[in-house]
Structure formats: C-alpha cells, structure tokens
Amino acid sequence: MEHGKLLVLLQPAELVIIFGAAVGTVVVANPLPTLTRIAKGLVGVVSGGELTKAFYLENLKMLYELFSHARKAGSTKLEEEVDNPEKGAVFTKYPKFLKSHHALHFLCDTLRTAVSGGVDPMDIDQMMEVDLEVHHREAHEPVAALSTMADSLPGLGIVAAVLGVVITMGSLGGPKEEIGHRVAAALVGTFLGILLCYGVFGPLAAAMGKQTEAEGHYFGFLRMAALGFIKGLAPVMVVEMARRAIPTGVRPTFQEMEATVRGGGSVASKAA
C-alpha cells in the first residue's frame, strides 16, 4: 500500500538466526515426548478441533449402550468389555474412541476398579481427579514450551538486528545504497522477531491452550459418566449427568440426546 519494496523483507540470514535459535532453545529445553506433543498440537490447531456437538452425541450414545449392556448382562460382561475394549461388543462400534488411548484407558480403568468392588465411590472419584490433574499438567507442557519460544523471539530479533548493525559498521565509507540495504536488513530482524512472536507463535500457543482446555472438559464429561454409573443411576440418568458437564457451546439438548441414545440413527443428523 505504501509502495515499499516487499522483497526487502526477504532476509534468509535473519530468519536462520531468529527461527533457528528459537527452535534450538525449544529442542534443548524439552524432552522428546513434549516436542512430539508440540507437533501434534500444531497439527490439531491447523486441522481444527473435533470436540463438536456430534462428537459428544456419539460419546453419549456409546456410554448409554455400554451402561445398558452392563445392566442387562451383569458386571461380568462389563469387566470383559473394559478388559478387552478392542474386542468388546460396544467399543468396537466406536473406532474414534478406541483411537483416543488416554480417554479409553481413563474410562476402562475406572470402570474396572468399580466392578472389582469394595471401593467407595468417593475414593474412585478422587482417583479420577488425580488422573485428570496429571493429564492436565502434561497437556500444558507443550503449550508452555511454545509460549516460551514465542516470548524469546523479540529478543532473538534484536540479536539478529545487532549482528546486522555490526556488518553495517564494517561497510561505512562504502556506497550509500549498500549501507542503506544493510541497515534495512538489520531492522528486518527486529521486525520479524516481533511479528513471529505476537502474530504467529503467540496465537498458536493460545490456540493450543484452548484445545487443551476443551480436552479437559471432555475428560470431565467422562468422569461424570463413570461417577453416575458407579452410584447406580439408570443409564439415561448417567448420560444426562454427563451431558450437563459438556461446555454449553457444544452441549446438545436433552431432546437431542434422548433421540440419539434411544432412537438410533445418525449422530450427525441429530446434531444438525
């Protein structure tokens, strides 16, 4: 718009200094599992979240079928289901849930403990709370690492700019055009550092944080369902108890839930 030369922003050396140093600090400061979760989190941000109303309706239907099956067939059948979910009569209908390993283990381990007997529901609830705290802490590690990287970018931009000034000082006495070009290249370092911080990686870290919070709400949803079953509530009341734990933005109505869990049919059509 201001008729400036856009190519002046293309400074590979500045990008190597800023971005390379930022990635290097993240790699040095974090173990491999955290780096893997950062990569997965960035992919999740780009691809979009899957915790939609249709997703929750599908899970409500799964939970209703699971607890109805347990009530009709007995605790022995439920124990077989949670011991081998990949071969169970209910879980095999929901491949998305089977692929969510932590959610699968969280629900199955809780129900296995409940079926074994002799454990107070409050003790099981406390076990679930501890499990969720551990998961929440681990899920925030990649967010904190990416936020730290974003915060370091302006400083690294200044480092790149200072190096550019050093090179410029060595060119004093030469052609004015060359000095101007080197000064512009040095200032681009500061520009890129601030832009990458507040315009790219800062927002990405914030988006990953929101996804982590949404995942925490999902585990809270599973926790309420397990707690309702442990207390001996009817399956429809268990899923209603779990439905109340769903964030309001994606929470289905009671009518939508009832039509899905009792009426069969497509979950996506019910959500629409």
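Helices, at least four residues each, and strands, at least two, are DSSP runs, and they are numbered from the N terminus. With that in hand, the chain in this predicted model reads along the sequence as α-α-α-α-α-α-α-α-α-α-α. That pattern comes from 11 helices and zero strands. Because the chain's radius of gyration is 26 Å, well over the 19 Å that the globule rule gives for 272 residues, the chain is more spread out than a compact globule.

**Overall form**

- The C-alpha trace of the chain spans about 90 × 40 × 30 Å along its principal axes.
- Of the 272 residues in the chain, 38% are buried.
- The accessible surface of the chain is about 14,800 Å², and carbon and sulfur atoms account for 64% of that surface.

**The largest pocket**

- Rolling a probe the size of a water molecule over the atoms shows where empty space is left.
- The largest pocket has a volume of about 1,100 Å³.
- Its lining is made of 30 residues, and those nearest the centre of the pocket are Lys40, Gly41, His135, Gln211 and Glu215.
- Two or more lining residues come from each of these elements: helix H2 (32–47), H5, helix H6 (101–116), helix H7 (121–169) and helix H8 (176–230).
- Helix H8 provides the largest share of this lining, with nine residues.
- Sorted by class, the pocket lining holds 11 nonpolar, 11 polar and eight charged residues.

**The largest cavity**

- How many cavities of 30 Å³ or more are there? The count comes to one.
- The largest cavity holds about 40 Å³ of space.
- Its lining residues are Phe55, Glu58, Asn59, Met62, Tyr94, Lys96, Phe97 and Tyr218.
- Helix H3 (53–73) and helix H5 (95–99) are the elements that give two or more residues to this cavity lining.
- Helix H3 gives the most to the cavity lining, namely four residues.
- By class, the cavity lining has five nonpolar residues, one polar residue and two charged residues.

**Lysine 87, in a loop**

- Look for lysine 87 in the loop between helix H4 (75–83) and H5.
- Is lysine 87 buried or exposed? Its relative accessibility is 75%, so lysine 87 counts as exposed.
- Lysine 87 and methionine 62 are 25 residues apart in sequence, and their C-alpha atoms are 15 Å apart in space.
- Methionine 62 is also one of the residues that line the largest cavity.

**Valine 143 and glycine 209, in two helices**

- Valine 143 belongs to helix H7, while glycine 209 belongs to helix H8.
- Valine 143 counts as buried because its relative accessibility is 9%.
- Glycine 209 has a relative accessible area of 13%, so glycine 209 is buried as well.
- Which residues does valine 143 touch, not counting those up to four places away in sequence? They are Ala205, Met208, Gly209 and Thr212.
- The C-alpha atoms of valine 143 and glycine 24 are separated by 17 Å, and these two residues are 119 residues apart along the chain.
- Glycine 209 and glycine 41 are 168 residues apart along the chain, yet their C-alpha atoms are separated by 9.2 Å.

Note on methods
Residues are numbered from 1 along each chain as its sequence is written. This is a predicted model: local features need pLDDT of at least 70, side-chain atom pairs count only at pLDDT 80 or more; totals for chains, interfaces and linings use all residues. Side-chain values use heavy atoms; hydrogens and water are left out. On a 1 Å grid over the protein atoms alone, a cavity is a set of points where a 1.4 Å probe fits but cannot get out, and a pocket is an open set with protein on both sides within 12 Å along at least five of seven lines; lining residues have an atom within 4 Å of a point. Grid points are joined across faces, edges and corners, and a volume is the space filled by probe spheres set on the points. Ala, Val, Leu, Ile, Met, Phe, Trp, Tyr, Cys and Pro count as nonpolar, Asp, Glu, Lys and Arg as charged, and the others, Gly among them, as polar. The radius of gyration is taken over C-alpha atoms; the globule rule is 2.2 Å times the number of residues to the power 0.38. Buried means under 20% relative accessible area, exposed over 50%, partly exposed in between (1.4 Å probe, protein chains only). Accessible areas come from the Shrake-Rupley method with a 1.4 Å probe; for residues, only the protein chains shown count as cover. Contact means heavy atoms within 4.5 Å.
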